[in-house]
Amino acid sequence: MSNEIILTIGLMAAATIITRLGGLWLMGKVKMSPFVERWFKNLPGALLTAIVAPTILSGGLAEQIAAVVVVLTMIKTKSLLLAMSVGVGAVFLIKNLFA
Amino acid sequence: MQLQDTVSFTRPGVIRGIQKSLPMAVGVIPFGLVFGVMARQSGLDLSAAGLMSAAVFAGAAQFVALGLWHEPLPILTIALTTFLVNLRLVLMGATLYPYFGKLSWWKSYGSLLVMSDGGWAMQLQEFEDGRRDAAFLLGNGIAQYFAWVGSTVLGFVLGTAISQPEKWGLTFIVPASFLALLVGMWRGKKDFLPCITAALVAVLVSRIIGGNWYILFGGLAGSLTGAFFNRQEMTVE
């Protein structure tokens, strides 16, 4: 492995560590206003939605049907493991039985 | 959120984190395999591919780096791109402050070293469910770390022998877990506006700009919309 490769990977690691630790560090420095507090309460749901929505929309019909199955299973059972398993099972069935 | 002052950090918490995160770790494996295969095709050797997964441990950023991996290596471009792709982790870490801010620096920052999107979401869900153990995140990180590094090496060694994990529905495990976590976090009507905004902006940005920007833009747009319009939130809760 060349020095350039080690340096590149080292800088990638450093950049990632800064982002992993930076949020917690910054929050220790800033003063919480009511607006910032409301912002942070809305952040988890918004971030998760932003991660999920394009992935599911750009997926195939199988993934989209399975997404509905995941949501319904999660509402009914509140079990993360079950919802994930049923979702994967749905993708498998749709892709292998109907494709 | 009233019990934030009683956050603990225990060994059983780490173990619970590992156990509960095993399905998610299994979901990481197909992506690690594909990363290993692609790393080989991009001209990395096994030690470089393994080192990158072990030292960086951030899937999206690593895939983007492979796309930039040409001789001579654009070192600063790759480093800066990695930082930008991972900016969402800043926001995620910030939302953990009410809990992790109570811990000693080595417990909090030590855990955050292995924070991923999935670990962050599962840890928040633990707090929402009334559990107080912040060591869950570390357990999740350990499970995902071994899955990610191990599957990278395996993918590199097996090469293209692995074909089409998406046929088995395996690449759906990660999106399915995020979707299920979102449903678990749903707080009711007041989440509708921020989430619809986040979804619309994320889809638009992913179509127009591409790359990985949609998470940051969608998350910011949705949460700020919520902060502007859910003003009753503070008094209702």
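## Domains of chain B

An automatic or database domain assignment divides chain B into domain 1 (2-185) and domain 2 (189-237). In this predicted model, local features need pLDDT of at least 70 and side-chain atom pairs count only at pLDDT 80 or more, while totals for chains, interfaces and linings use all residues. Residues are numbered from 1 along each chain as its sequence is written, with chains lettered from A and ligands numbered from 1 in the order in which they are written.

The C-alpha centres of the two domains of chain B lie 23 Å apart, and six residues of domain 1 are in contact with four residues of domain 2, a contact being a pair whose C-beta atoms, placed from the backbone, lie within 7 Å. On the side of domain 1 of chain B that touches domain 2, helix H3 (59-67) and helix H5 (88-95) of chain B each supply at least two residues.

## Fold of chain B

Chain B has 13 helices and zero strands, where helices (H or I, at least four residues) and strands (E, at least two) are DSSP runs numbered from the N terminus. The radius of gyration of chain B, taken over C-alpha atoms, is 19 Å, close to the 18 Å that the globule rule gives for 237 residues, so chain B is as compact as a globular protein of that length; the rule is 2.2 Å times the number of residues to the power 0.38.

## Contact between the chains

The contact takes 76 residues from chain B and 61 residues from chain A. Helix H10 (residues 173-185) of chain B provides the largest share of the side of chain B that touches chain A, namely twelve residues.

## Helix H3 of chain A

Helix H3 (residues 61-77) of chain A has 17 residues, which should span 24 Å at 1.5 Å a residue, and its end C-alpha atoms are 24 Å apart, which agrees; the expected span is 1.5 Å times one less than the number of residues. The buried residues of H3(A), among them Ala62(A), Glu63(A) and Met74(A), pack against helix H2 (34-58) and helix H4 (80-97) of chain A together with H10 of chain B. A residue is buried if 20 or more other C-beta atoms, placed from the backbone, lie within 10 Å of its own. H3(A) is followed by Lys78(A), whose phi is positive, near 60°.

## Confidence

Chain B averages a pLDDT of 90, and 92% of the residues score at least 70, pLDDT being the predictor's confidence in each residue, from 0 to 100. The predictor gives the complex an ipTM of 0.88 and a pTM of 0.85.

Notes: Two residues are in contact if their C-beta atoms, placed from the backbone, lie within 7 Å. A residue is buried if 20 or more other C-beta atoms lie within 10 Å of its own, exposed if 12 or fewer, and partly exposed in between; C-beta atoms are placed from the backbone.
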